[in-house]
Amino acid sequence: MPSPNEETTARDTTARGHKAFNHLDLLESQAIFIMREVAAECERPVLLFSGGKDSAVLLHLAVKAFRPAGFPFPVMHVDTGHNFPEVLSFIDETITSLGERLIVAKVQDSIDKGRVADPGENGSRNRLQTTTLLDAITEHKFDAAFGGARRDEDKARAKERVLSFRDAFGQWEPRKQRPELWHLYQGKVLPGEHLRAFPLSDWTELDIWQYIAREKIALPSIYYAHERDVVERDGMLLAVSQFVHPQDGEAVQRLSVRFRTVGDATLTGAVRSTAATVEEVVDEVAGARVSERGATRGDDKFSETAMEDRKREGYF
Amino acid sequence: MSTTTHREETTDLLRFATVGSVDDGKSTLIGRLLVDTKQLFDDQLDAVAEASVRRGTGEVDLSFVTDGLRAEREQGITIDVAYRYAATPSRKFVIADCPGHVQYTRNMATGASTADLALVVIDAQSGMKEQTRRHCCIAALLGVSEFIVCVNKMDLIDWDAKRFDAVEADVRDLAAALGVQRVTVVPVSALLGDNVVEHGSASPWYRGPTVLGALELAKAGDWTGDDGTTTRLPVQWVIRQVGERRSYAGMVAGAPLVAGQRVLVLPLGKETTVTEVSTYDGPLDVAAPGISVSVDLEHDFDVTRGDMIADVVNPPTVTSAIEATVCWFGAQPLKVGDRIRLKHTTHSTPARVTAIESVLKIDTLSLAPKEELEENEIGVVHLATATPLVVDDYSKNRITGSFVLIDEKDHTTLAAGLVGLPQILPQG
């Protein structure tokens, strides 16, 4: 561990020297360790990439874990069809510049095949993603899927292992989690079962933003403050788009907003913000009084254990 | 949330786990600690209050802060570990709130395996129970070197100082027997908040720190950090660099890894020099324990995942037969002759139980002869492995001294293993 006389703030990644390691270095090292362990223990892993900030960090860590070689797994985007255009272009640009393989699993295909019912043009497709994801895992015979979920996001996620076991139906059974001792991650499963691997388990929202600032990680522009037409619905500010139309009595307002999370456009709320740079976002997140999902995710508001219920079905 | 220090990247991190019997108030204490230090967001606090009303628990049920599963709230118990993160201006905390039931011992061990400190919770009315002893014993076995003991529900015994003194004496005796040297004992009411974050006025006779005060004063340090061995690097992954060159990736353990260090490649037994230590961001002169690096070696040996690169001075032991302390979680007893998969660092091998020597008696902290290990028992066993292990005693290194035993049929983890005899017993 760093000794007190070492420089603790300067970070010159090219200089050789007795660099002190801080908590972001430890979180980064831990995540890289987990990614290498899963890549080594599992036969066919995949990295889930939504274009959100957590998965952007995950992709950045994969670069650090495996370059100069290519990733030992493909990247997969589960596409609800209800996307923010800024996020779609970000996904394409990012994957193209990395030169990695992208699989797109479309909720629309699941609807067309009759695997799930169409909730209509303005209905949420968030929960439908589970079927699309599980079908893709079966089709490609994936035995591990990396996700950017963090334990500080939700009380059910706070209970989950770093390598989280899914049975042959893709379900999470919180009462039967495998023991997970020390750093001895156990990656073997039977055919048809799989693991979800969460290298960012111990990161908080603030850690993520401090790391994005330090590493200069690119994000979709909607994470930073911009002017946008929004309507207020169920206590959330929803962006007016082809998927969200003002309903009776809803007034369209033009506000300075940004997004704290990125998901299905019909469910993901914006927050009022003037934080236009990564440093300003770090300040804003440090002073926030409402949680990331509480402020922005309609899908968690359905019931007391909404996240647990979705996870049991096989959600991210 | 600390708003004064967020621009700095704090280094000081304390990992702790709650320890103790069911219903003594571990989750309520963590809820109280998080609420009173303002770690909870407004909507999370509202959700806890709403759930308390819906489930008719009367007052706001602080255990709901960490007991997030439906079944936990229905039954009012903790089933699995909840991890929570907190920060005060002076340090960051990773909290593992562990279950107290004996049937969930495997989950408690999961939470305690990466902890540096145990927050022991004891109900002042009943005092120490067998389960408290069992948990303290497991925590100490796993290498937890400091206890903060909360004698809880003091409000229910009218803050009786004599009763507190009696519980304190018991727990200090146990800690001494377990070899835990740093112990702080605090009288608290997790329900009302006295002596958790603020002292309150209920116990003027108590002059020690609050729970938060004790947590801030505790010795920090990462469990992967400096231990009693020289440098170890279990090889995790081989990175093919441009051209023919290969680098070996892994996480440093034991002591810092230095460019130019003379090392052994084990179990091969060949000596060479580390020519470069690097991360994706470039070369380093020194990498501390807990840092993921890749190294280049002077010689082109056949090095693969599962091998270990270690300092030539005081290297680890290469062996296919170990004596180990095992905490058994399997529903079926562990017997001599059983075949099982063993995972140690980045190396997996088939193994066989060649002998079961004894079981640890929780009440007397002594070893008694036994031929099988039953669920949640801790015992001393001998294992033979198909391929050699590169090990240290667990008391010297928590990374290279730990292993798990895995069911070969369904891949469930069945045991936590520590190389060597239980360190809590009188030695010699």
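Which residues have the most contacts inside the largest nonpolar core? In this predicted model, that core has 69 residues, and those with the most contacts inside it are Met35(A), Leu47(A), Val57(A), Leu61(A), Trp203(A), Trp209(A) and Ile212(A).

Just after the helix, Lys216(A) takes a positive phi of about 55°.

From here the view can turn to the place where the two chains meet. The contact takes 75 residues from chain A and 94 residues from chain B, and the area buried between the chains is about 7300 Å², with carbon and sulfur atoms giving 55% of it. On the chain A side, Lys159(A), Arg175(A) and Trp182(A) lose the most area to chain B, and together they make up 12% of what that side buries.

Across this interface there are eight salt bridges and 24 residue pairs in polar contact. One of the salt bridges joins Glu41(A) to Arg305(B), with the closest N and O atoms 3.5 Å apart. Among the helices of chain A, α1 (23–41), α2 (53–66), α6 (205–215), α7 (278–286) and α9 (306–313) each supply at least two residues of the side that touches chain B, and α1(A) gives the largest share of that side, 13 residues. By class, the side of chain A that touches chain B has 30 nonpolar, 18 polar and 27 charged residues.

Not counting residues up to four places away in sequence, Gln236(B) touches residues of both chains, namely Phe33(A), Arg36(A), Glu37(A) and Ala40(A) together with Ala249(B), Gly250(B), Arg305(B) and Thr346(B).

Gln253(A), which lies in strand β9 (residues 253–259) of chain A, is partly exposed, with a relative accessible area of 27%. With residues up to four places away in sequence left out, Gln253(A) touches Arg228(A), Asp229(A), Val230(A), Glu232(A) and Arg272(A). Between Gln253(A) and Val240(A) there are 13 residues' separation in sequence and 9.5 Å in space, taken from C-alpha to C-alpha.

The last stop is helix α4 (residues 105–112) of chain B, which is largely enclosed by the rest of the structure because eight of its eight residues are buried. These are Thr105(B), Arg106(B), Asn107(B), Met108(B), Ala109(B), Thr110(B), Gly111(B) and Ala112(B). What covers them includes the strands β1 (13–20), β2 (82–87) and β3 (92–97) and the helix α5 (130–141), which belong to chain B.

How values were computed: Residues numbered from 1 in each chain as written. Chains lettered and ligands numbered in written order. Predicted model: local features only at pLDDT ≥ 70, side-chain atom pairs only at ≥ 80, totals over all residues. Heavy atoms only, no water. Contact = heavy atoms within 4.5 Å. Buried area = accessible area lost by both parts, 1.4 Å probe. Salt bridge = Lys/Arg side-chain N within 4 Å of Asp/Glu carboxyl O. Polar contact = N/O pair within 3.5 Å; in protein donor to acceptor, adjacent residues only side chain to side chain. Helix = DSSP H or I, 4+ residues; strand = E, 2+ residues; numbered from the N terminus. Nonpolar A, V, L, I, M, F, W, Y, C, P; charged D, E, K, R; others polar. Core = buried A, V, L, I, M, F, W, Y, C linked by side-chain atoms within 4.5 Å. Buried < 20%, exposed > 50% of the residue type's maximum accessible area, 1.4 Å probe, protein only.
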